[in-house]
Amino acid sequence: MIGQRIKLAFLSLAAIAIGHPATAQDMSFDAYIQLVTAKARAEGVSEPTIRRMTSGLTPNQRVIELDRGQPGTPTRTGYPALQPYLNTHVNPTRIARGRDMYASTRGLHSRIESQYGVPVPMLMAIWGHETNYGGYKGNFDLARSLATLAWEGRRRELFEGELIALFKVADKGYDRSDLVGSWAGAFGNPQFLPSVYLRLATDGDGDGRADIFNNRADTLASIARYFKDAGWREGQPWGVRASVPDGFNWAAVESKAVSPVCSRVHERHSQWKPVAEWRQLGVQPQESLPASTMTSLFQPDGPGTRAWLLTANYRVILEYNCSNYYAMSVGLLADEIAP
């Protein structure tokens, strides 16, 4: 009887492995972990790492609740105002801490900026926004969280890949107790997912280890590499304040393009036009920008409120987190941190 149950379990796992993924209701958690560890072995993860990363694993119901509690795509046409979000995320305390951190890492700046072309205040703003400059990085056991999310099945392909990537991170010599972070699997000062760590985490001080948990040089270099990889254009701001004339015809500059990802983020931006053309339409940038710079007009809180001309570098911030609220707060925090 025992042998028969083992055979049935093996056949079930084999069926999944050849393209018939199960949901959490189809497979026990322990059986699913066996499947994932088999895949991890096949991808070169060492047996000692697999043992220590899966020892005692159980599902985390709190992680499932948090995942299912995430808002879906809204159907309403309105948007919350930007300013209240900025009041919380670009506040005097975060600005002051960013300036202090900027001053204390000054010796790293020239090397990072020359290598990656990304201004350090922008890197500081990401760090400040993600973890309050390392003040809070999350305390969830990443192995348990990612195993739970993958087993639960709602986004299995994503989280299973991240779980195996986490095993590969651990294989670099990290203890499981080091690998803690957010409930959704992000970790370290910049809150990288494991797959992002493997692809972009950078040794910023030459000690042979990309420590984004505690090392400031590694943290800043890793964020800078992320931005460069996403297409950051050196010497170009993320955006500048702009004045919009009364009675401006927004319909004439409305974008007809539909973004394949984050469509509700991008639908709020105008058509892309060179600065010279915006000037002809009465829109005046409040800082110097070359006339040929392609920009998109954004006035998030409606007529009569603040407006910006956004450059392609704003899209790079969106690569980090596809939210206008996030990207605007990061850009404005960077401007405040800059000396």
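# Notebook: salt bridges, a pocket and a buried methionine

**Entry 1. Overall make-up.** The model I am working from is a predicted one. I then looked up burial: of the 339 residues of the protein chain, 48% count as buried. I noted an accessible surface of about 16,500 Å² for the chain, with 52% of that surface belonging to carbon and sulfur atoms. For contacts between residues at least 6 apart in sequence, I found that 71% join residues at least 24 apart.

**Entry 2. Salt bridges, glutamate 43 and lysine 168.** I listed the salt bridges and found 12 in the structure. One of them joins the side chains of glutamate 43 and lysine 168, with an N to O distance of 2.7 Å. I checked where the partners sit: glutamate 43 is in the loop between helix 2 (29-42) and helix 3 (47-54), and lysine 168 is in helix 10 (residues 156-170), so this pair ties together parts 125 residues apart in sequence. Glutamate 43 has 45% relative accessibility and counts as partly exposed. Lysine 168, at 27%, also counts as partly exposed.

**Entry 3. Arginine 62 and glutamate 65.** I looked at a salt bridge within a helix next. Arginine 62 pairs with glutamate 65, and their closest N and O atoms are 3.6 Å apart. The cut-off is 4 Å, so the pair counts as a salt bridge. Both residues belong to helix 4 (residues 61-68), and because they are three residues apart there, about one helical turn separates them. I read a relative accessible area of 46% for arginine 62, which is partly exposed. Glutamate 65 is partly exposed as well, at 44% relative accessibility.

**Entry 4. Aspartate 67 and its arginines.** I moved on to aspartate 67. Its salt bridge with arginine 155 has the closest N and O atoms 2.3 Å apart. Arginine 155 lies in the loop between helix 9 (142-152) and helix 10, while aspartate 67 lies in helix 4, so I logged the pair as a link between distant parts of the chain, 88 residues apart. Which side of this pair is buried, and which is partly exposed? Aspartate 67 is buried, at 2% relative accessibility, whereas arginine 155 is partly exposed, at 34%. I also noted that Asp67, Arg154 and Arg155 are linked in a network of salt bridges.

**Entry 5. Second largest pocket.** I looked up the second largest pocket and noted a volume of about 310 Å³. How many residues line this pocket, and which lie nearest its centre? I found 16 lining residues, with Ser259, Val261, His266, His269 and Arg315 nearest the centre. Helix 15 (residues 312-320) gives the largest share of the lining, three residues. I sorted the lining by class and got seven nonpolar, six polar and three charged residues.

**Entry 6. Methionine 124.** I ended with methionine 124, which lies in helix 8 (residues 120-131). The relative accessibility of methionine 124 is 0%, so this residue counts as buried. Leaving aside residues up to four places away in sequence, I found methionine 124 touching Met101, Tyr102, Thr105, Tyr133, Leu220 and Ile337. I also looked up the C-alpha distance from methionine 124 to isoleucine 223: the two atoms are separated by 9.1 Å, and the residues are 99 residues apart along the chain.

Methods:
Residues numbered from 1 in each chain as written. Predicted model: local features only at pLDDT ≥ 70, side-chain atom pairs only at ≥ 80, totals over all residues. Heavy atoms only, no water. Helix = DSSP H or I, 4+ residues; strand = E, 2+ residues; numbered from the N terminus. Buried < 20%, exposed > 50% of the residue type's maximum accessible area, 1.4 Å probe, protein only. 1 Å grid on protein atoms, 1.4 Å probe; cavity = no way out; pocket = protein on both sides within 12 Å on 5 of 7 lines; lining within 4 Å. Points joined across faces, edges and corners; volume = space filled by probe spheres on them. Nonpolar A, V, L, I, M, F, W, Y, C, P; charged D, E, K, R; others polar. Contact = heavy atoms within 4.5 Å. Areas by Shrake-Rupley, 256 points an atom, 1.4 Å probe, with all protein chains shown as cover.
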